[in-house]
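Trainee: Can we walk through this model together? I'd like to start with the terms.

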Amino acid sequence: VTGVLALRRKLEEGERLAFHAAVMTALVAGAIQVPLAIGGLDVMRQYQPAKAAALMGYWHTGQPADLVLLAWPDARTESNLGAISIPGAGANWLGADAQGQLQGLDSFSGMGPPVAVAFWLWRIEILSWLVIMMVSCWAAMAGRKHRFDAGNLPRPLLRLLAGGLSLGALVAVMRAWGDVLGRAPYVVQNAVTQTEVLGPMRPESVLVGTVGYGALYLLLTLSFFSMLFHAVRYGVVPVRRVGRHP
């Protein structure tokens, strides 16, 4: 009995250390993203000014460069509908020509990226990062209060932690999509277009391929989480669920 109790205490201590390490890793990794993102934006404005203009919703060269927080970029009217912005705060994130004038989307003769898609992908990425940081901070404070015993954490926090398992992957996917679509229509900026590399393709083919890949990866994702939650509930050794036949 003493040996069993000692083993149980060691397992519980290991769980606390693992939870503590996971929370601290999330906080540190999230904090590191800030200077990396700032550096990435600086490189983007220098070498991909069209992408920078799309992410900032900056349509017309010479206009005041506001930092648009939320809006709906309308390509038809070349404006941001319902914009919430900070006046004059977007100049540092936009490319400039040889004369130092900020470059709007009208400077690229129709060879800019899809503005609404690039604009919102970047903001979804930032919002997801903010959610991750807030949940991580809450987990750190609640964990410290309860000695990082996950079993004693508030149930809403546990639900958030379980529901946010894919947020890190979502941020990575949004970043990848933003990089690819933000370069459009180029593969190599101002040199090689995507059409030259990929060749022409019918819209129907693109639709079928996208739906097919989406369905496949949705199935794989659901299967992974089903396996993960089964392992959490019943352990990593396969066991028969209560009430089920072998």
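Mentor: Buried means under 20% relative accessible area, exposed means over 50%, and partly exposed is in between (1.4 Å probe, protein chains only). This is a predicted model, where local features need pLDDT of at least 70 and side-chain atom pairs count only at pLDDT 80 or more, while totals for chains, interfaces and linings use all residues. Residues are numbered from 1 along each chain as its sequence is written, and side-chain values use heavy atoms, with hydrogens and water left out.

Trainee: OK, salt bridges. How many are there by this rule?

Mentor: Four. A salt bridge here is a side-chain nitrogen of Lys or Arg within 4 Å of a carboxyl oxygen of Asp or Glu.

Trainee: What is the N to O distance for D42 and R45?

Mentor: It is 2.9 Å. Both residues lie in helix 1 (residues 2–47), three residues apart, about one turn of the helix. Helices are DSSP runs of H or I with at least four residues, strands are E runs of at least two, and both are numbered from the N terminus.

Trainee: Is D42 buried, exposed or partly exposed? And how does R45 count?

Mentor: D42 is partly exposed, because its relative accessible area is 29%. R45 counts as partly exposed too, at 28%.

Trainee: Which residue does R175 bridge to in helix 3?

Mentor: E125. The closest N and O atoms of R175 and E125 are 3.9 Å apart. R175 lies in helix 5 and E125 in helix 3, so the pair ties together parts that are 50 residues apart in sequence. R175 is partly exposed at 41%, whereas E125 is buried at 13%.

Trainee: What else does R175 meet in a salt bridge?

Mentor: D179, at 3.7 Å, N to O. K51, E125, R175 and D179 are linked in a network of salt bridges.

Trainee: New topic. How do helix 2 and helix 3 cross?

Mentor: The axes of helix 2 (residues 49–56) and helix 3 (residues 115–145) come within 7 Å and cross at roughly 70 degrees. That makes helix 2 roughly perpendicular to helix 3. Axes are lines fitted to C-alpha atoms, for helices over the stretch in contact, with angles running from 0 to 180 degrees between N-to-C directions. Under 35 degrees counts as roughly parallel, over 145 as roughly antiparallel, 65 to 115 as roughly perpendicular, and the rest as oblique.

Trainee: Which residues meet there?

Mentor: A54, L55 and M56 from helix 2 meet V115, A118, F119, W122 and R123 from helix 3. Contact means heavy atoms within 4.5 Å.

Trainee: What does S128 touch?

Mentor: L167, L170 and V171, not counting residues up to four places away in sequence. S128 is in helix 3 and is buried, at 7% relative accessibility.

Trainee: What about the backbone?

Mentor: Most residues other than glycine have a negative phi, and most peptide bonds are trans. R147 has a positive phi, near 55 degrees. F148 has a positive phi of about 55 degrees. R147 sits in the loop between helix 3 and helix 4 (155–163), and F148 is found in the loop between helix 3 and helix 4.

Trainee: Which way do their side of things go, buried or exposed?

Mentor: R147 is exposed at 53%. F148 is buried at 13%.

Trainee: And where is the cis peptide bond?

Mentor: From A184 to P185, with omega near 5 degrees. P185 lies in the loop between helix 5 and strand 3 (186–188).
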